[in-house]
Amino acid sequence: MISKKEKENRREELQKKLQRYSDAYYSQNESLISDYEYDMLLKELEQLEKELQIENKSSITQKVGSSLKNTKFQKTTHKTPMLSLSNTYEIGEIEDFLLRAKKNLNMTDNLEVEMEIKLDGLSISIIYEKGKLVRAVTRGDGIVGEDVTENVLQIESIPHELSEAFDIEIRGEIVLPFSEFENLNKIRIEKGEEVFANPRNAASGTLRQLDPKIVKERHLAAYFYFIVNAEQYGIHSQKESILFLEKLSLPTTKICEIFQDSSKLEDRINYWSSEREKLPYETDGLVLKINDISLWEKLGSTGKSPRWAVAYKFPAKQVTTKLLDITWQVGRTGKITPVAELEEVELSGSRVKRASLHNYDEIVRKDIRIGDTVFIEKAAEIIPQVVKAVKEDRTGKEKKIEAPEHCPICESILEREEGLVDLKCINKHCPGKIQGEMEYFVSRDGMNISGLGGRILEKLLSLHYLENVSDIYSLKEKREELEQLDKMGKKSIENLLSSIEESKKTSYDKVLYALGIPFVGKVAAKLLAKESKNILKLQTMTEEELQQIEGVGEKMARSIVDFFQNETKKQLIQNLIDIGLCFTLKDGVEASTEAKIWQGKNFLVTGTLSKYTRAELQEDIEKSGGTNLSSVTKKLDYLIVGEKAGSKLEKAKALGSVTILTEEEFLALKEKLTKQ
């Protein structure tokens, strides 16, 4: 049982912590803790105040946004307060929100709910007089905000004049799209400046620049979702508000869905939990509003949040934890990669205790130390990575991380190639490199051999059952030995041997990919297979001949020649030929009329797609006679772009000769050409 004194002490501690985090977030554009962790601490404080029966209007639990104590901008009072939303991370609490609303309204019928995507940016209120933009104000503390009109006028997506001459106040969110965020951080790295941890901090920092030219250069975007006093414009629902905004040529996310059935609402929440990754901007949840605006006044609000809306927050993409140590790993090319050993924490629904740090130069650039509190996130929702250290939390006991001098596996002295950042083990017989080569060889994109994970391979290597990848095909002769190994039952051994045998049918291009030739990925492997027709031809091609293949540059050509001049690799390929692997391009069936529509056309796919995976789209192009390239060159005909297209899109635009298509435009063009 916690005593009253302990609760009071904890309450005081939480007040100080949360005020510090809030000041850093709103005034310095700096996150010292993840949103999720902040929300959990705030909920804990709210519960303590409830138990201690404390009602203090100066408590941070009653405040909205920033205190504005360090603002450089003129302060402006909002005519109508900009409240914040109460939030939840539990779908079940959405039902509680609806039940409370129905109870307060004395209703028994289902309430109609409108759902929007919740943007993770900077809240803004904009006033138009007779259709002309006259003032733009940040949320501030909900009552008083910062006048950032001059900066908002630099944002291209915000019209200076509406399509109709209304006096109107609208509210929305200013964000930095992913593509612009990546470009901005790239520039900052080149200048030796510290990068922004996330798009939200970058957007907030940009809008608070004193030089409007900087705001214009960074290409912020804005989306609107609320009209103050909407009913005076004949608007009766939130859905109508969104349509009215669009009628005035104001940008919205166009994600506005109506529900009366809570089970369908839950399905849609689950849908957006994954689909949001395809959006061009950062999101952290969904906003649910009672659609009927006439009910809002009846439901009212608390001191800081309306009772007619709630935010459902997605599982955290970023969290903070302690960096306990660094482990150095060896990859198939000998590259030494630092791995952060972390205090275990939950991230995006899974427990994480290791994360990537990429290379030693990255550690130095970010000034990350053992003992630091660090932000981690999941890159593309797969691999956790360390984003930055929270230097404000340092005690002086943190240890600088030193670069290793010897390979952690074989103890060989490490080398750094000229002009490259990676430390490398150059020992050809390093067990770590050999295991990395094997893992790459058996991967799904390569030979697709299931049952040979990292731990099994490590065990087989330690027992000398495997020396190189060709030995995998001799494992059938060691069935009895395999049966003696832990976690290798007869059924799993049978499945493994069957998968090994099946892999002999793998196509020439995938075998090339599985060999692990440096700089040769899936697309390049297909190009090489198509041009060479067989491995004997490819082995004899010169650098000059290889560079004649569209998509093969100088670095890749040099790497291919070096690979095939290596006696060990030449012997490996001969062994694999003798085993029966396919090193010849098999003739396909006669192409149909549809398959010829892209004949002679070169494609490149970039960004995050919504209708296809990248591999599916590339396969579709090849079936129709087209060729996939691995980079932007003068011979590129079409660039198909998804979200977060990045530098390849900019290069294609600079060339001027490349046709740039979205997925929808590609499909429409394909349909048109097929019908001709």
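Residues are numbered from 1 along each chain as its sequence is written, and side-chain values use heavy atoms, with hydrogens and water left out. Because the model is predicted, local features need pLDDT of at least 70 and side-chain atom pairs count only at pLDDT 80 or more, while totals for chains, interfaces and linings use all residues.

Cysteine 407 lies in the loop between β18 (399-400) and β19 (415-416). Strands (E, at least two residues) and helices (H or I, at least four) are DSSP runs, numbered from the N terminus. Cysteine 407 is buried, with a relative accessible area of 1%. Buried means under 20% relative accessible area, exposed over 50%, and partly exposed in between, with a 1.4 Å probe and protein chains only. Leaving aside neighbours within four places in sequence, cysteine 407 has contacts (heavy atoms within 4.5 Å) that include Cys425 and Cys430.

Cysteine 425 sits in the loop between β20 (423-424) and α12 (431-442). Cysteine 425 is also buried, at a relative accessible area of 1%. With neighbours within four places in sequence left out, its contacts include Cys407, Cys410 and Cys430, and among the others are Thr333 and Lys433.

Now turn to the sheet. Here 4 strands form an open sheet in the order β22-β21-β23-β24, with parallel pairing; two strands pair if DSSP finds at least two bridges between them. The edge strands, each pairing on one side only, are β22 (627-628) and β24 (659-662).

Strand β21 (residues 602-606) runs parallel to β23 (residues 638-641), and 4 bridges join them. Leucine 604 stands opposite leucine 639 in β23. Helix α24 (residues 663-675) packs on the sheet and touches β21, β23 and β24. Toward β22, β21 pairs in the parallel sense over 2 bridges, and phenylalanine 603 stands opposite asparagine 628.

How many residues of β21 are buried? The count is 5 of its 5 residues. Asn602, Leu604 and Thr606 point one way from the strand, and Phe603 and Val605 point the other way.

Definitions and conventions: Axes are lines fitted to C-alpha atoms, for helices over the stretch in contact, and angles run from 0 to 180 degrees between N-to-C directions.
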